[in-house]
Amino acid sequence: MPKPFIHKNKSGPTRDLIEALFPLFEQASAGAIAVDSDSRITWINASYAALLGLKDPQAAIGKDVRGVIPRTRMHEVVETGQPLLLDIMEHDSQQLVVTRLPYFDDQGEIQGAVAFVLYDDLQPLTPLVSKYRRLHQDLVAARKALARKTRGTRYCLGDFVGASPAALEVKRRARLAAGRDMAVLLLGETGTGKEVLAQAIHSLSGRADKPFVGVNVAAIPENLLEAEFFGVTPGAYTGADRRNRDGKFQLANGGTLFLDEVGDMPLALQAKLLRALQEGEIEPLGSNKVVSVDVRVIAATSRNLEAMMAEGAFRSDLYYRLNVLEIAIPPLRDRLPDLGVLCEAILEALCEGLELRGEITDAAVTALGSYDWPGNIRELRNVLERALTMGEDNGLLDADAIFKVLPRNGARQVPSALPRPVRPLAQILAEAEAQAIEDALVASRGNRTRAAKLLGISRSVLYEKMARMS
């Protein structure tokens, strides 16, 4: 039997060897085919022709193999001289497990290739494929966990709590942003959850297993911003490290860069940021070399960028580069129907690991609704945490507990009740009485003596009615 030919760092079976082994492979396979050095079909057996739906196998002889088998990779084997020992090829609705081998002449020149269909049905390979899929899923999960531990995310879309129409629209646009690799601009007051939403978009996107790097532009001194973004080479300035220090763009390469409070960025840096986004290249401070980066940018601001553009404080070309998809996050005062579910989620997080129930009454939620919430969800969390700390009811927050910690400024008018369907009079009177008591407590900021005077009843009668309500 001829020995495999080895020459010029290439090795492969000779044509004589292929011809000797061909009958054995053909008999054990579900189909066989051969091509020449130009990827033209020189031979095909009847079983392979039947798999391909060819009525006349001879009609395929001399044709380019890609014209007969569109998804074949035989031309790759011929061009590279490298075998493809195991491949799954789709043809129409079939999935064929194929092996492909090149063969050489005595001078080491490629003469062609042969292919054998090992399986025309994946069923026998189900245990192997299932094991591969499990291993692949474990690998993906491990990569995501590692990304979260290093430069990953803590929040998902479920952490943006709310079921009001305004909250649902924000979530809809976030899912839209996650499915498309585009720049996103998040607009909203401080404390509305812009970073939570940015991390949620990243965790749903195709870059979820890559780094998520956030930088608060407003928190970094202006003279350090360029180094923070683009990195520093040794000796770039007095006191610079002797080693290269990567900037946020390098750290986020392949993933997402979150620019919080981008409206506070100085004009000089805006121009460099625009160039980095347009060209996909950065130049570290003190370096003459250009570094390619691939980042998806999510920017956020609590400022009016359009007004800043009119004043010349923000570049219009950068604004249009960042604002491909805009998501406006409403303030808490515009989504008060979400107060109840927000309180439940915040209390659950606050009480995790503690021996507290973390519950809140309807009257307490009504009391929270009397406030304007300039600090939004961040301020709501602070109020609930202080109420839990000062409370004496093992985590149960009522209106009194809320009024003790609720800021005195920022009161808002309690909305009137919506029309209700006809119901029994006793039920309507009981609910109206309970609503009147709650409104009086809100107006008096929890002072029961003042609430009783507002209602025109004695304090003892108010206590009796409140006891029946509980």
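Helices here are DSSP runs of H or I at least four residues long, strands are runs of E of at least two, and both are numbered from the N terminus. Everything below comes from a predicted model, in which local features need pLDDT of at least 70, side-chain atom pairs count only at pLDDT 80 or more, and totals for chains, interfaces and linings use all residues. Residues are numbered from 1 along each chain as its sequence is written, and side-chain values use heavy atoms, with hydrogens and water left out.

**View 1. N376 in helix α15.** N376 belongs to α15, which covers residues 376-390. Its phi is near 60°, a positive value in a residue other than glycine. For background, most residues other than glycine have a negative phi. N376 has 0% relative accessibility, so it counts as buried (buried is under 20% relative accessible area, exposed is over 50%, and partly exposed is in between, using a 1.4 Å probe and protein chains only).

**View 2. E261, in the loop between β10 and α10.** On either side of this loop are β10 (256-260) and α10 (267-279). E261 is another non-glycine residue with a positive phi, near 55°. Its relative accessibility is 13%, so E261 counts as buried.

**View 3. T233 and the backbone of L285.** Look for T233 in the loop between α8 (225-230) and α9 (248-251). A polar atom of the T233 side chain sits 2.9 Å from the backbone oxygen of L285. That pair can be read against the polar-contact rule: N or O atoms within 3.5 Å, where within protein one must be able to donate a hydrogen and the other to accept it, and residues adjacent in sequence count only if both atoms are side-chain atoms. T233 counts as buried because its relative accessibility is 13%.

**View 4. Helix α17 against helix α18.** Here α17 (residues 425-443) packs on α18 (residues 448-455) at an angle of about 125°, with the axes 8 Å apart. Axes are lines fitted to C-alpha atoms, for helices over the stretch in contact, and angles run from 0 to 180 degrees between N-to-C directions. The pair is therefore oblique (under 35 degrees is roughly parallel, over 145 roughly antiparallel, 65 to 115 roughly perpendicular, and the rest oblique). On the α17 side, A436, I437, A440, L441 and A443 meet R448, R450, A451, L454 and L455 of α18, where contact means heavy atoms within 4.5 Å. Sorted by class, that contact has eight nonpolar, no polar and two charged residues. In this sorting, Ala, Val, Leu, Ile, Met, Phe, Trp, Tyr, Cys and Pro are nonpolar, Asp, Glu, Lys and Arg are charged, and the others, Gly among them, are polar.

**View 5. D439 on α17.** D439 is found in α17. With a relative accessible area of 30%, D439 is partly exposed. Its C-alpha atom is 8.5 Å from that of T366, a residue 73 positions away along the chain.

**View 6. The two ends of α18, and its packing on α19.** At the start of α18, a side-chain oxygen of N447 comes within 3.1 Å of the backbone nitrogen of T449. Just after α18, G456 has a positive phi of about 75°. Helix α19 (residues 459-469) packs on α18 at about 95°, with axes 9 Å apart. That makes the two roughly perpendicular. R448, T449, A451, A452 and L455 of α18 touch R459, L462, Y463 and M466 of α19.
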